[in-house]
Amino acid sequence: MAPIGLKAVVGEKIMNDVIKKVKKKGEWKALIVDQLSMRMLSSCCKMTDIMTEGITIVEDINKRREPLPTLEAIYLITPTEKSVHTLIADFKDPHSAKYKGAHVFFTDSCPDPLFNELVKSRASKTIKTLTEINIAFLPYESQVYSLDNPDAFQSFYSPHKTQLKNPVMERLAEQLATLCATLKEYPAVRYRGEYKDNATLAQLVQDKLDAYKADDPTMGEGPDKARSQLIILDRAFDPVSPVLHELTFQAMGYDLLPIENDVYKEVTRQLKEFSASKRMNTGEKTTMRDLSQMLKKMPQYQKELSKYSTHLQLAEDCMKHYQGTVDKLCRVEQDLAMGTDAEGEKIKDPMRAIVPILLDANVTTYDKIRIILLYIFLKNGITEENLNKLIQHAQIPPEDSEIITNMAHLGVPIITDSTLRRGKKLDRKERVSEQTYQLSRWTPLVKDIMEDAIEDKLDTKHYPYISTRSSASFSTTAVSARYGHWHKNKTPGEYRTGPRVMVFIIGGVSFSEMRCAYEVTQANGKWEAIIGSTHTLTPTKFLTDLQHPDFRESTRVSFEDPDPSDE
């Protein structure tokens, strides 16, 4: 059975467990959302479907709202102090309450102090429904999720933000637990052992999963479900993938073009050209408005227009950039990432390949930084003197060069002492047989990890399990569940029944890594791979994250303070 995809599962859950649950015939309601729930809603529900179910207006809880005292309101909100306090304020004065009543749906479990505050408040008298729907993540694609928390990058990796780390981990763990609950998975939790925060986060997730399992013992039942795994990784597990230029359409688009909020502003220009080429015998000059009127009358052009405008434009613009400098860059990037050239020969003198790029005035500063980083990853760290030479050659301004040194906070070796023995690079899977192009020979490390987890070959020393839940202790429960009651009251095609391997990366997932989830699922058939992170990454976003002012104070403290990244 084909996976239905995260968007469909979440969309269905919101419609059924929230909107239809409180629907009354002939009664309209307002829907009040906050940032996370708004993004959840827009990623997987159509506005028209919501309207059909009796919602007349959707409003942001943090903006000024007109009172609608004749309507009841559905609050779909995150249980944060800000949202709960606004909810309380909406009903503070019984004479000027914003709505006739409230149906409150928290995305996940509400902390006790906030809950008690809500119960004691005036609002509690008007609340008719109060429940948790346990969805606190964004379905980004059918097998990709995001926890919509880009700031977690700084709280995890900046040495000055350590005091924020615990509440952030607590929140991420809760969000991850809602992902598992939504997918009806009770996976074994594993983490990359080299980075201590992974273990802390993994333990928090396990605790929250156990709580969900206690509430709903059927969670994680089904044939082979006992083999499902959730693997927690920190961004240093593979610093190469987010830095490389990628040559798929999606990744090139986001990397090379100014796409904001998944929208590319090129389409109006296209509309005008389109109108000229199909000057629909009107003779006079066409404005945008006339054109849209005409399109309504001429449905055969509509499809053509929408396809034409975005894809061709994106492809063309990608090609323009590509033929400029990207193809030269790609060659060198792939060689550095792989450590071998297209013929599979080891690269003896990587410096010779990178110097021309660093000296080339047409190459942007960020692209030069990407090349320097790849060189450092290949060498597993270089001396400070060499780094300074590279920065000087490339004429990288000091405010940008800190991107390179900040990478060390992720636990990636950047500056090493020439006398020290450098760590050995990981042996990678041989992928000779797989169809690769010269300019995209690199395979993200996450693909190896997913495949090894599925084949039960993932090293438990490097990727330990939390607690005693190793595969051996599973099999006993698995058998009873297999012939047990897992198939009751499920509509056919409701859930995928095979096991899943779920990956979570702290600090961003790149497009090439997202693609691995689909490739692994396709190659395997039985397993489904799902990948997600605190947010999605383009190379530029990754570098700007590392340039964040949160990393900056280090210059002041470094003298008294031992380096925090040494642990």
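Biologist: Which strands does helix α1 lie across?
Modeller: Bearing in mind that this is a predicted model, helix α1, which covers residues 6–19, lies across β6, β7 and β12 (528–533), and α1 runs at about 145 degrees to β6.

Biologist: OK, and what sheet are those strands in, what's the order?
Modeller: The sheet is an open one, formed by six strands in the order β6-β7-β12-β10-β9-β8, and its pairing is mixed. From one strand to the next, the twist averages 25 degrees.

Biologist: Which strands stand at the edges?
Modeller: Those are β6 (138–141) and β8 (188–191), each of which has a single partner strand, so one side of each is left without a neighbour in the sheet.

Biologist: How many bridges join β6 to β7, and which way do they run?
Modeller: Three bridges join β6 to β7, the strand of residues 144–146, and the two run antiparallel. A hairpin of two residues links β6 to β7, and Glu141 stands opposite Val144 in β7.

Biologist: Which other helix lies across β12?
Modeller: Helix α18, residues 445–454, lies across β12 together with β9 (229–234) and β10 (500–506), and α18 runs at about 155 degrees to β9.

Biologist: Switching topic: Gln175, where is that, and is it buried or exposed?
Modeller: Gln175 is found in helix α8, which spans residues 162–182. Its relative accessibility is 2%, and because the cut-off for buried is under 20%, Gln175 counts as buried.

Biologist: What does Gln175 touch, then?
Modeller: Leaving aside residues up to four places away in sequence, Gln175 touches Leu36, Ala136, Phe137 and Leu147.

Biologist: Now α16. Which of its residues are buried?
Modeller: In helix α16, residues 384–394, the buried residues are Leu387, Leu390, Ile391 and Ala394. Seen down the axis of α16, these buried residues fall within an arc of 95 degrees, so they line one face of the helix.

Biologist: Why would residues a few places apart point the same way?
Modeller: An α-helix has 3.6 residues a turn, so residues three or four places apart point the same way.

Biologist: And what's on the other side of α16?
Modeller: On that other side, Glu385 and Gln392 are exposed. Just after α16 comes Gln395, which takes a positive phi of about 55 degrees.

Biologist: What covers the buried residues of α16?
Modeller: The cover includes three helices, namely α14 (350–359), α15 (365–379) and α17 (398–406).

Biologist: How do α14 and α16 cross?
Modeller: Their axes come within 8 Å and cross at roughly 40 degrees, and α14 and α16 are therefore oblique to each other.

Biologist: Which residues meet there?
Modeller: From α14, Met351, Ile354, Leu358 and Leu359 meet Leu390, His393 and Ala394 of α16. The residues of this contact divide into six nonpolar, one polar and no charged.

Biologist: What about α4 and α5, at what angle do they pack?
Modeller: Helix α4 (residues 81–90) and helix α5 (residues 112–120) pack at an angle of about 5 degrees, with their axes 10 Å apart. The two helices, α4 and α5, are therefore roughly parallel to each other.

Biologist: Which residues of α4 and α5 meet, and how do they divide?
Modeller: In α4, Glu81, Val84, His85, Leu87 and Ile88 meet Leu114, Glu117 and Leu118 in α5. The residues of the contact of α4 with α5 divide into five nonpolar, one polar and two charged.

Note on methods:
Residues are numbered from 1 along each chain as its sequence is written. This is a predicted model: local features need pLDDT of at least 70, side-chain atom pairs count only at pLDDT 80 or more; totals for chains, interfaces and linings use all residues. Side-chain values use heavy atoms; hydrogens and water are left out. Buried means under 20% relative accessible area, exposed over 50%, partly exposed in between (1.4 Å probe, protein chains only). Helices (H or I, at least four residues) and strands (E, at least two) are DSSP runs, numbered from the N terminus. The arc is that of the directions from the helix axis to the C-beta atoms. Contact means heavy atoms within 4.5 Å. Two strands pair if DSSP finds at least two bridges between them. Axes are lines fitted to C-alpha atoms, for helices over the stretch in contact, and angles run from 0 to 180 degrees between N-to-C directions. Angles under 35 degrees count as roughly parallel, over 145 as roughly antiparallel, 65 to 115 as roughly perpendicular and the rest as oblique. Ala, Val, Leu, Ile, Met, Phe, Trp, Tyr, Cys and Pro count as nonpolar, Asp, Glu, Lys and Arg as charged, and the others, Gly among them, as polar.
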